[in-house]
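Colleague: I am new to this structure. Please take me through the terms used for it, one by one.

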Amino acid sequence: MSISHAPPESSGPGISPTSPSSSATVTDKASPPQASPALEPLLPRSTRRTRVPRWLRRTTGPLALLVLWQILSSTGALTPDVLASPGRIAQVARELIADGSLASAMGTSLQRVAAGLALGTVVGTGLALLSGLFRTGEDLVDAPVQMLRTVPFVGLIPLFIIWFGIGEAPKVAIITLGVTFPLYLNVYAGIRGVDAQLIEAGESLGLSRWGLVRHVVLPAALPGAMTGLRYSLGIAWLALVFAEQVNADSGIGFLMVQARDFLRTDVIVVCLIVYAFLGLLADFVVRSLERLLLQWRPTFTGR
């Protein structure tokens, strides 16, 4: 009869219950956890400083200039025959609005700008597409356009009067010529600035020539076209000032000519403010259209 002895129980292989390592492990598990140091969130510098509303920053400069203007007029540093005071200009503006002369002049000027802008957009964009998409078109179109671009369009007013008379045609032609070249340059640069790798990717996907133009070239050139349109609008209002000096009997320029003859600086300033307001409104429309058409292109908006 044999007696078997059972081996002593152990908590793990090769470790006895009373081994030092086992007791150290039990002691570590029983000790309370140490508190981790508090972490402070890092904020960008732009969010740490006090933020001033953007509308307040944008209006501070014009308001300060207006206050300085009024002070100089009140103290006699600016006489009315040099520059009318802001109060006098506001009064004259109310009078022109009340008798309807300012609204009629604005309507006439807007019609001239719209006609010249439409014709200039068609001509400038068409020439840019012809020159940018085809090498033969570039050889035939680009050199004459660059030559005409260096000629001041104001210097062509006498020729336009001889060719078109003294009616509305020369006025619209001056605006059209001023609008054409900025659009041509920007659309042409946008087309020729398309990344060649995008063209290769489109060809590898099996796009035809028209498909490449429609889906690759024109969308990539659209930002340049919108920039050219904004610049052309500024040139259009500048060209309108010269165009309405050509024997005009209506329009904002006609009011300015009459005011110049009678030394009415208040009326001249009112007309200049109207020009600036219409130009700012047109630029706002184009920028809104740009945000709508270029939603696919994320850009830096400032910090």
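**Helix pairs and a pocket**

Modeller: The crossing of α11 and α12 is left-handed. This is a predicted model, where local features need pLDDT of at least 70, side-chain atom pairs count only at pLDDT 80 or more, and totals for chains, interfaces and linings use all residues. Residues are numbered from 1 along each chain as its sequence is written, and side-chain values use heavy atoms, with hydrogens and water left out.

Colleague: What makes a crossing left-handed?

Modeller: The near helix is turned anticlockwise from the far one by less than a right angle; clockwise would be right-handed. Helices are DSSP runs of H or I, at least four residues, numbered from the N terminus.

Colleague: Why are α11 and α12 called roughly antiparallel?

Modeller: Helix α11 (residues 252–261) and helix α12 (residues 265–293) pack at about 160 degrees, with axes 8 Å apart. Axes are lines fitted to C-alpha atoms over the stretch in contact, and angles run from 0 to 180 degrees between N-to-C directions. Under 35 degrees is roughly parallel, over 145 roughly antiparallel, 65 to 115 roughly perpendicular, and the rest oblique. So α11 and α12 are roughly antiparallel.

Colleague: Which residues of α11 make the contact?

Modeller: Ile 252, Gly 253, Leu 255, Met 256, Ala 259 and Arg 260 do. Contact means heavy atoms within 4.5 Å. The α11 and α12 contact residues divide into 11 nonpolar, 1 polar and 1 charged. Ala, Val, Leu, Ile, Met, Phe, Trp, Tyr, Cys and Pro count as nonpolar, Asp, Glu, Lys and Arg as charged, and the others, Gly among them, as polar.

Colleague: Why is α6 called oblique to α8?

Modeller: Helix α6 (residues 135–149) and α8 pack at about 140 degrees, with axes 11 Å apart. That angle makes α6 oblique to α8. The crossing of α6 and α8 is left-handed.

Colleague: What makes α3 roughly perpendicular to α4?

Modeller: Helix α3 (residues 54–74) and helix α4 (residues 86–98) pack at about 105 degrees, with axes 8 Å apart. Therefore α3 is roughly perpendicular to α4. Leu 66, Trp 69, Gln 70 and Ser 73 of α3 meet Pro 86, Gly 87 and Ile 89 of α4. That contact has 4 nonpolar, 3 polar and no charged residues.

Colleague: How many residues line the second largest pocket?

Modeller: It is lined by 13 residues; Gly 132, Leu 133, Ile 199, Arg 209 and Val 217 lie nearest its centre. The lining divides into 8 nonpolar, 1 polar and 4 charged residues. The largest share of this lining, 4 residues, comes from α10.

Colleague: What counts as a pocket?

Modeller: On a 1 Å grid over the protein atoms alone, using a 1.4 Å probe, a pocket is an open set of points with protein on both sides within 12 Å along at least five of seven lines; lining residues have an atom within 4 Å of a point.

How values were computed: Helix = DSSP H or I, 4+ residues; strand = E, 2+ residues; numbered from the N terminus.
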